Each structure stands twice: as structure tokens, then as C-alpha cells.
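Good morning, and thank you for joining this group meeting.

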2 protein chains.
Amino acid sequence: MSFRASESLSEQIAQHLAQQIITGDLVEGERIQELRIASELNVSRGSVREALLILARRRLIEIYPRRGAVVAEMSVAQVRGLYEVVSMFLQLVVRKAASNWRQPDMEGMVSQLHRLQSNVDAHDLEAFYEATFELFRLIQRFAGNPYVEEILDDLQPAIRRSYYLALHTSRRELEESYSFLKGMTDGVLMRKGDQAASLVDEFCTHQCHLVLDSLMRVKQIEAAWAQRHRR
Amino acid sequence: MSFRASESLSEQIAQHLAQQIITGDLVEGERIQELRIASELNVSRGSVREALLILARRRLIEIYPRRGAVVAEMSVAQVRGLYEVVSMFLQLVVRKAASNWRQPDMEGMVSQLHRLQSNVDAHDLEAFYEATFELFRLIQRFAGNPYVEEILDDLQPAIRRSYYLALHTSRRELEESYSFLKGMTDGVLMRKGDQAASLVDEFCTHQCHLVLDSLMRVKQIEAAWAQRHRR
């Protein structure tokens, strides 16, 4: 059975395309052509098709009956919906983490916070961005629930896309995000699950508004351009 | 692009296999052979492979590097994890439903309750089972969150498998389930989101214990058989 080999090739193709969507190189509504990608990457159409199914599952593209695959829209309903679900899951995760961590786990969380702090000091946005996901990977384990981990993994690309946008939207966001992540982790370390959960909720609401504002500004700029073009 | 056509064939194959897993015709740990299924159903290996990816996503099978696809285990951690996540989602859904339903939606929910009641009266377990999912489909819409609907859809086969087992485990479970579903829907209709949510939580805990007891009994019977065989 050649399942694994082909899965890992389509996984690679999926990650290649995901990166372009997350960073905005491929924009919402843009068509993704199976044939063109197959020839660009020199892989089979079957592998590209599997990669597109993976991306659809990770909610980065939509597959339509005749139009094929297009980059998923970031609509108001979708952004709100994403943060609502993510907040719910992360609240569960930090509550579990607050009661389930053991002494040997402490060092990992503390040193991850230090890494984030030094990324803020160096204004290294990309490193901070990656370190955030590493922190959540550490904390997520404590949920002890395979479904929570799998669903959060599936949501991660959509979260990455929003978080990337949020961090690049405002200069202050790096400090804001750090102070939230520190407060949340401190809550976990002090076994204060409620406190950590309410910070998660606050931060998700904050980021949701930031992303929605940013999307609205983009649409206003597009509208202004369209109007200028019409004159 | 022939995406849709092939997706719908693999979807059909996936549903065919899902049904066998849900009703216990295929048991946990049983191997699912790509080639055998392709020849039995007279379809291509590619379609079967896509169907297996769909089933893995719906958490009914696991795909291992060299062993291939096997029917997913129902371990204690998985059953607990499933009910924890389902309870969290359904609590969100009924809270939203309690505040968002409008007058024209009322009739659908009330008549669905009547259908469930008459299934209980007729002791029609299969019809009751399907009607439960129809009721949740009605209520789920009110969440107004595309992620919630998609994640619940993906979890549905795993939920079906557990719910099927629970309903077939105890004679009393049909009445128990009905009284829960009625209380929950009444809570939604009376705009009492908290009441509906706490009933959801109670019912999920109850069903989780029922499924775990049933799995434990099966393992005890297997162990007893194995011992008898050894003598």
C-alpha cells in the first residue's frame, strides 16, 4: 500500500500552497488550478487533488462543483465563527492545563515565555509568530483529548492566516499579544484556570476585532480604487 | 475539473463503509483493504483511497504507515474525548438557538419532537435514532457559525457510532433519550439557554458512561472467551 508516500507528497504540496495563502500571496477568491500546479511542481494531478482535499479540510480553500478550487474567503461570519470556536477550545485547553501540568512541565512553558519576550525585544515578528504556536502546542497536550488536538490542528492554518494578518496590522500588536500570552501562561502556572480562560476569551475578542477592521479597510481601499477607475 | 464527480463517488464509498462501522458489522481494529473493496464495489483504487481519507477525517478509521487502514478503536480516552467535545459544541448550539430562533422556526422543532414521541411509542429505535439527528440539524443552524456546523458534521459519524451503541445497550435508553431531547428543546423554545445547556451536559455525561460500560462488558466477554479457549 503506497498510502503514506502519496499522503506525504500531497501534504508537502498542501503546505506549500497553505504558506502562500497564509501570507497573502494567494488572495481570497483566487482560483487554484490543479493542472497548472501539477506542472509547476512537476507532480501528478492525483497528488494535487489530494492536496486540495487537505486544504479544503483545513478551511483554506473551497471546492465548487464546476469552478474548481478557490482560496477561501475571509468573511465577517467566518472570522467571527473562527474566533468563537478557537476561544471555546483554548478555554477548555487552559483550564485543563491549569489543573493537569506537573513539575517537569514548568520549565518548558517558562522558557517558551522567555523566547517570546526576547522576540518582542528584537522586534522579530516572524519568530514571535512561530513561538506562539509552539507555546500552544505545549499547553494543548494537557487537554488529554485526541479530538481537541485534532480539531485544533485542522483549524491551525485558518488561525495562522488570521494571526498573521493581526500581527502585521498594528505595531502595538506584538506587545499586546505578548502581554496576553504571559498572563494566560501565568494563570496556567498558578493553577488559576478561570483567570487563564477569561484572558483567552478577551484576547480572541480583541484579535477578532482587529482582523475584521483590517479586512474592512482592505475592502474600502478596493472600493476607492474601483471608483477612481470608473471616473 | 472532474473533482466533484470523483468526490461524490468516494463519498458514496465512504458512506457505505461508514454504515458498516457504525452498526458494528466492521469491528474496531479490523483491516480495510483498498484492493478488496475496489474489486468488491467495482471502483478504482483511487476512489477507495479518497474514501479512506474521508473516513479518517471523520475519525472512523486510522491510517497507519505500513499496516494501511483499520477501523478506529473506541478507547476510553476516545469516548470520553468525543463526549467532552460534543457536549461543548452542543451547549454552544443550544444557547445560540435559545436566543436566535424566530416564530416560523417553532413549528419545525415542535413537530420533530412529536415525531420522536411517536417513535418511542412504536418502539421504533431506528427511526428514533435518525429523528434525533434531524432535530439537531434543525437546532444547529441557529449557531450561525460555519465552523461549528462543519466540525459537528465531521464528528457526526463518530457520534452516530456511539449513539447507536448507547441506544442498543439498554431498553430504557429510548425513553431516557426522549426525555432529555424534550427537556432540551423545551429549554430552547422557552429561551432558557442555560437550562438547555445544562441538560446537554447531563445527557452527554450519561451517554458517555453508558458507552464506556458497554465497551467494558464487551472486553470482559472477550477476555472470558480467551480464557476458556486457553483451558
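**Charged pairs and the interface of chains A and B**

A:Lys96 has a relative accessible area of 22%, and therefore counts as partly exposed. Please keep in mind that this is a predicted model.

What does A:Lys96 form a salt bridge with? The partner is B:Glu84, and the closest N and O atoms are 2.7 Å apart.

A:Glu84 is partly exposed, with a relative accessible area of 25%, and B:Lys96 is partly exposed at 21%.

Let us turn to the interface as a whole. Four salt bridges are found across the interface of chain B and chain A. Contact involves 36 residues of chain B and 36 residues of chain A. Between them the two chains bury about 3600 Å², of which 65% is on carbon and sulfur atoms. Eight residue pairs are in polar contact between chain B and chain A, counting pairs with both residues at pLDDT 80 or more.

Which elements give two or more residues to the side of chain B that touches chain A? They are α1 (3-22), α3 (45-57), β3 (68-71), α4 (76-100) and α7 (146-169) of chain B. The largest share, 10 residues, comes from α4(B). By type, that side of chain B comprises 19 nonpolar, six polar and 11 charged residues.

Next, a salt bridge inside chain B. The side chains of B:Asp154 and B:Arg57 meet at 3.3 Å, N to O. This pair links distant parts of the chain, with B:Asp154 in helix α7 and B:Arg57 in helix α3, 97 residues apart. B:Asp154 is buried at 7% relative accessibility, whereas B:Arg57 is partly exposed at 29%.

Finally, helix α2 (residues 34-41) of chain B. Its buried residues are B:Glu34, B:Ile37 and B:Ala38. They lie on the same side of α2(B), because they cover an arc of only 100° around the axis. B:Leu35, B:Ser39 and B:Glu40 are exposed on the other side of α2(B). Just after this helix, B:Asn42 takes a positive phi of about 55°.

Notes. Residues numbered from 1 in each chain as written. Chains lettered and ligands numbered in written order. Predicted model: local features only at pLDDT ≥ 70, side-chain atom pairs only at ≥ 80, totals over all residues. Heavy atoms only, no water. Contact = heavy atoms within 4.5 Å. Buried area = accessible area lost by both parts, 1.4 Å probe. Polar contact = N/O pair within 3.5 Å; in protein donor to acceptor, adjacent residues only side chain to side chain. Helix = DSSP H or I, 4+ residues; strand = E, 2+ residues; numbered from the N terminus. Nonpolar A, V, L, I, M, F, W, Y, C, P; charged D, E, K, R; others polar. Buried < 20%, exposed > 50% of the residue type's maximum accessible area, 1.4 Å probe, protein only. Arc of directions from axis to C-beta.
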